[in-house]
Each structure stands twice: as structure tokens, then as C-alpha cells.
Amino acid sequence: MNPPATVRDIRDTVRGRSRSASEVCRTALDRLEAVEPSLHAFNTITRAQALARAAEIDGAFDRWRDQPLVGVPIALKDNLCTKGVRTTASSRMLEAYLPPYDATVVAKLEAAGAIVIGKTNCDEFAMGSSNENSAFGPAHNPWALDRTPGGSSGGSAAAVAAGITPLAFGSDTGGSIRQPAAMCGVVGLKPTYGRVSRYGLIAFGSSLDQIGPLTRTVHDAALTLGVIAGADEADATSVPEAVPDYAAALTGDLRGTRVGVPARLLEQGVDPEVAGAFEASLATLASRGATLVDMDLPHARYATAVYYLVATAEASSNLARYDGVRYGYRDDGGHDTLHMMYARTRERGFGPEVKRRIMLGTYVLSAGYYEAYYLKAQQVRTLILRDYEQAFERADVVAMPTSPVPAFTLGERIADPLQMYLGDVFTVSANLTGLPAISVPCGFTRGQLPIGLQLTGRRFDEATLLRIADAYERDTDWWKQAPAR
Amino acid sequence: MAPGTFLCMLAFAMAVFTREQVHAIAALANLELDEAEIELFTRQLGDILAYADEVQKVDTRGIPPTASVLTRYPADRPDRVRPSLSPQEALANAPDPAPDSQAKPGGLFRVPRVIG
């Protein structure tokens with residue numbers, strides 16, 4: 001069985017006119033409708049708009065031919081605003097929300113010739129690691145339908161793994177692109193904080209959030225990053241760093257490359273099959289000429305605690321805007337006062353995990369606890385940053401498993417939020433430090449569940465990160481495997 | 001032991017939540033939790049904070065806090081008028097909009113009584 005087509009395959013097929021954008025789009029929509037009943041990867045399917053856009057591209061082909069994503073069907077996580085297309089963040093609060101504008105990444109992708117076929121399922125407001133916090137029910141893992149696809153961008157990872165679209169987008173606040181990518185056997189890239197505009201991304205943790213692609217290959221991630229990267233006046237945290245030709249950086253050469261391995265951090269709590277695949281991936285990198293460097297990140301073990309203090313504080317502040325006044329759900333209980341309307345609306349509009357995080361965030365920011373929790377967490381964040389700065393004096397990337405465990409069974413962890421949070425141990429540091437990180441497929445368990453290798457790179461040096469990930473991919477064929485159809 | 005240290009230790013030892021605390025936080029957060037949620041969150045928030053208390057082990061004397069990882073880039077730009085949403089677009093998602101009329105030009109967001 002051939003693996004599903006890549007972004008590059010499809011783009012070149014459309015560009016060479018062996019298939020029209022409309023034919024490609026119809027194939028993707030048919031595939032989506034065939035597998036969606038078992039995956040529940042999508043909240044909204046934009047069939048009519050997608051076919052209309054494909055026809056527009058076919059009709060004015062000379063104008064579109066040279067665009068980097070011409071005719072490529074894509075899926076967007078449902079927390080990216082799409083003008084006039086329902087954008088829910090998988091929350092009752094925004095169940096009927098029609099954004100009056102497009103997110104900057106959406107505008108850039110459409111200008112590059114991509115065709116949006118739908119909005120993907122995710123954890124509510126991107127809060128979760130299993131997609132089970134979606135108000136509309138969980139997505140399922142294409143490799144094992146009784147298992148979670150990971151989260152929060154679970155629907156996007158499932159869409160790529162199931163061969164619906166070669167490219168989907170997620171947001172990553174604590175691992176929400178990389179962890180589902182690992183659990184679904186695809187590539188997931190979180191760019192450097194500031195590399196991609198967050199304008200039009202429904203905010204969760206504003207100092208941590210970043211948008212990025214999920215793809216089948218590192219090359220496709222590189223190609224896509226070139227399309228969405230760059231400063232944007234509408235997002236003051238996007239920065240005017242030069243955007244290199246990422247695809248051109250993929251030389252396959254690892255000579256002189258140093259890969260840092262924080263062995264002590266990996267001593268505890270890693271599933272033996274994940275640990276085995278990780279060790280084997282290090283050997284593969286070394287065999288291509290990379291040098292393995294043993295290193296210590298002494299404060300990384302506090303990253304999960306720091307993350308859940310910082311992220312919930314930011315979330316409680318960001319989600320204060322959902323008050324039933326300007327947009328979104330309002331409880332229509334005939335309230336005596338404005339305050340009662342706020343409290344009932346928020347009680348009924350938010351799901352349990354969102355409420356839990358708002359509560360925790362409100363607490364750590366409240367008078368008397370701010371210094372002990374929020375400020376303390378921000379200080380430890382500084383120490384984690386310094387650990388990584390020192391690490392990058394001796395290494396070009398830091399390697400870890402993406403997730404300590406493969407995809408778990410739906411329902412297995414939902415009753416114990418702390419247990420769920422602890423699974424984010426290897427991914428949250430990249431958000432706290434703002435560093436770019438990628439997950440690439442690096443093996444399977446005996447039960448045929450995908451395993452991901454995570455590489456973290458230097459700030460704004462996605463080119464090196466992608467070069468190393470691509471070189472690894474060239475020596476392996478995990479990425480070519482696809483779940484049974 | 002410095003006088004503040006004991007108080008700090010006391011605060012951390014109290015990371016176990018009471019129902020009253022959960023009620024108070026819910027009020028701050030504008031959430032009207034039901035009894036089952038109060039009970040659940042009292043336990044779960046206690047568990048999570050007990051874990052998060054790990055950070056107290058780290059010596060952070062003299063360490064500045066990091067609120068944002070971007071400090072080298074000025075966010076200033078010239079202030080100039082650009083297109084923005086029309087009143088009609090701004091009201092399009094409102095749960096209870098008052099439409100444009102002579103009495104309310106441009107329309108309004110309607111809310112329940114503010115002063116009880």
C-alpha cells in the first residue's frame with residue numbers, strides 16, 4: 001500500500017496539471033466523509049466553500065500555478081478564526097460563533113493556494129492532552145480507534161494520519177501540536193515563539209501559544225513554515241527576524257552536528273517501548289555523523305509544575321472575556337443582575353477542564369498567593385531558560401521522547417487531571433522557553449502505536465532543527481507507514 | 001528562621017483546599033459552580049497544587065521573573081487609522097443586540113440590569 005500523498009506530491013501534481021485542484025479537493029472531501037464517522041476529527045466540514053475555491057484556482061490557473069501550496073487541501077484546528085466559518089474552539093461557549101475576520105495564518109495559507117476543507121476537533125480552548133475535553137466529544141486515533149489521538153490538536157493529527165489532508169494546523173501551548181503528532185505517527189512543528197503571527201488564534205496562554213503545521217514529512221513542515229512565518233502588525237509578539245528558505249536548508253548532512261541528550265531527565269516514567277525507540281533514534285542520528293552530547297537540564301524537572309501555574313494564570317485572564325455580552329453563548333435564564341448572567345453563562349458555557357484551569361489560574365494570581373505561586377513559577381521559568389541557553393553552548397538540538405507514553409485508551413486518564421498533566425513533562429519546556437521544537441515519527445510499539453522523537457532547537461533557528469529532523473527521517477521509514485484504511 | 005519563612009511554610013502546608021476557598025475563588029472567577037463541582041474541585045485543585053508546590057524547593061533568590069521570552073523586540077509601531085469592524089459586524093455575534101435605530105445609532109449590546 002502506498003503511503004498517503006505529501007504536500008509536495010499534491011502541489012506538484014496540481015502544478016503539473018495531471019490533476020486539477022477540484023479533483024484533488026473532491027478526493028480529500030470524499031476521504032474525509034468516509035472516515036469521519038469513526039474518527040470524529042472534524043467539527044465543521046466546508047465542502048461547498050472548498051470546492052468553490054478549488055474551481056476558482058482551476059479557472060485562473062496561471063495566476064495560481066507558482067504558489068507554494070497551490071491546490072493543497074488543508075484542515076485547521078477549530079481555534080483558528082475563519083471569516084464567516086463557524087469557529088468553536090470545541091466549546092459550547094463559541095458553538096455558533098462566526099468570526100468577522102480571518103486569522104493571519106489562514107489569510108497567508110489561502111494566498112499561497114491552499115484550500116481549507118474543514119475545522120478540526122480539539123480539546124476545549126486547546127486545554128487538554130487527549131481531545132477528550134471537546135464539548136462535541138473526543139476524536140479517535142486512526143491507529144487504534146479506542147485510543148485518544150492525543151491533544152489538544154487531536155483532530156488535526158488524526159486528519160493527517162488518516163490521509164484526509166497532507167497538512168493540518170494546530171496550536172501548541174504546552175505540547176498540543178507535538179504530542180498528538182507523536183501519538184498519531186506524523187510530524188508536528190512548534191515554531192519559535194514570535195515566528196508565526198497569533199492574530200486570530202483564540203487565546204489560551206499568550207506567552208506560550210504558537211501556531212504550527214502537522215504534516216507527513218519534515219520537508220512539508222519546512223515548506224509550510226516558510227508560508228506562515230513572519231512579522232505581522234496585528235500581533236505585537238511576532239518578530240521581524242529574517243525568514244530563510246527552510247526547504248533549502250534540508251541538506252541531509254549531520255556531520256559536525258551535536259545532539260544533546262538529558263539522560264537524567266529521562267530516567268523516570270518513560271514507557272520501556274518509548275525509551276527503546278528513543279535510544280534507537282539516537283543511534284540512527286549518530287550513524288549519520290551526529291555527535292551525542294550528554295547534558296543536564298537541572299530545572300527541567302520543574303517544568304510541568306511551572307507550566308500549570310503560568311498557563312492557568314494566563315488562561316484565567318484570557319478567558320475572562322467570555323461573559324455573554326459581545327459574542328458567544330449567553331445563559332437565557334432571566335437574570336436579575338448582570339453579575340448573575342455572567343456567572344451562569346460561564347458555568348454553563350465552559351466544560352469541566354476549562355473551569356478547573358480558570359479556578360487554578362484565578363487562585364495563583366489572587367492576593368496572598370501571587371508571590372508564592374505565579375511569581376515563583378516565573379522565576380523558575382527563568383532558570384529553565386538559562387538551562388537551555390547553556391545546553392545550546394554544547395549542542396545544536398536537545399533530543400527527548402515527545403511523550404513518555406504512546407496513545408492511551410479513551411477514558412483512561414480523564415478522571416485524574418494531575419495524571420494527565422504529568423504526561424506533558426517533555427513538551428512544556430519548549431513553550432516556557434519559547435524555543436522551536438519538532439516531533440517526528442521514530443517507531444512503533446508492539447501493539448502498532450506510533451512513537452515520536454522530539455528535537456528542540458535554538459531560538460529562531462528552525463532551519464537547523466528541520467535539517468536534523470529531515471536527516472533522521474531520510475534514514476528511517478516510520479513516516480511512510482499509515483494506519484489500515 | 002526569618003519571621004516570614006514560617007508564614008510561608010504555613011501557607012504551603014495549607015495547599016489543601018477547603019470548600020470555602022473554592023467558593024471564594026469561583027466568585028472571583030465569575031463562575032457559579034454547582035455542589036458536585038465544588039466538591040470535585042476542592043479535591044482536584046488540592047492535588048494539583050500539592051504537586052505544583054515542587055517549585056518551592058527551587059532557590060530563586062535574586063532570580064528575575066520571566067513573563068515573556070521576547071525582550072529584544074520593541075512592539076511599538078506608528079499609530080495610524082486602519083479599517084476596523086463596522087458596528088453591524090461587531091454586533092453580528094452578540095447574544096442580545098439592540099439593532100441600529102434613531103434612538104440607538106449604530107446599535108448596542110444589551111445586558112441585564114447592572115445596579116441591583
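Is A:Cys442 buried or exposed? A:Cys442 is buried, with a relative accessible area of 3%. The close-ups below come from a predicted model.

View 1. A disulfide is a covalent bond between the sulfur atoms of two cysteines. A:Cys184 is itself buried, with a relative accessible area of 1%. For the sulfur of A:Cys184, the closest cysteine sulfur is in A:Cys122. That gap is 14 Å, again too far for a bond.

**View 2. The largest nonpolar core.** This core holds 167 residues. A:Leu69, A:Phe125, A:Ile438 and A:Leu466 touch the most other members. Look around A:Leu69: leaving out residues up to four places away in sequence, its contacts include A:Val7, A:Leu109, A:Leu167 and A:Val227. A:Arg11 is also one of the residues it touches. Another core, of seven residues, lies apart; among them are A:Tyr193, A:Val239, A:Leu385 and B:Val69.

**View 3. Where chain A meets chain B.** Here 71 residues of chain A contact 58 residues of chain B. The buried area is about 5700 Å², and carbon and sulfur atoms give 64% of it. Five salt bridges cross the interface. B:Arg82 forms a salt bridge with A:Glu233, their closest N and O atoms being 2.9 Å apart. Residue pairs in polar contact number 24. On the side of chain A that touches chain B, H13(A) gives the largest share, twelve residues.

Conventions: Residues are numbered from 1 along each chain as its sequence is written. Chains are lettered from A and ligands numbered from 1 in the order in which they are written. This is a predicted model: local features need pLDDT of at least 70, side-chain atom pairs count only at pLDDT 80 or more; totals for chains, interfaces and linings use all residues. Side-chain values use heavy atoms; hydrogens and water are left out. A nonpolar core is a set of buried Ala, Val, Leu, Ile, Met, Phe, Trp, Tyr and Cys residues joined through side-chain atoms within 4.5 Å. Buried means under 20% relative accessible area, exposed over 50%, partly exposed in between (1.4 Å probe, protein chains only). Contact means heavy atoms within 4.5 Å. A disulfide is a pair of cysteine sulfur atoms within 2.5 Å. Buried area is the accessible area (1.4 Å probe) that two parts lose on being put together, summed over both. A salt bridge is a side-chain nitrogen of Lys or Arg within 4 Å of a carboxyl oxygen of Asp or Glu. A polar contact is a pair of N or O atoms within 3.5 Å; within protein, one must be able to donate a hydrogen and the other to accept it, and residues adjacent in sequence count only if both atoms are side-chain atoms. Helices (H or I, at least four residues) and strands (E, at least two) are DSSP runs, numbered from the N terminus.
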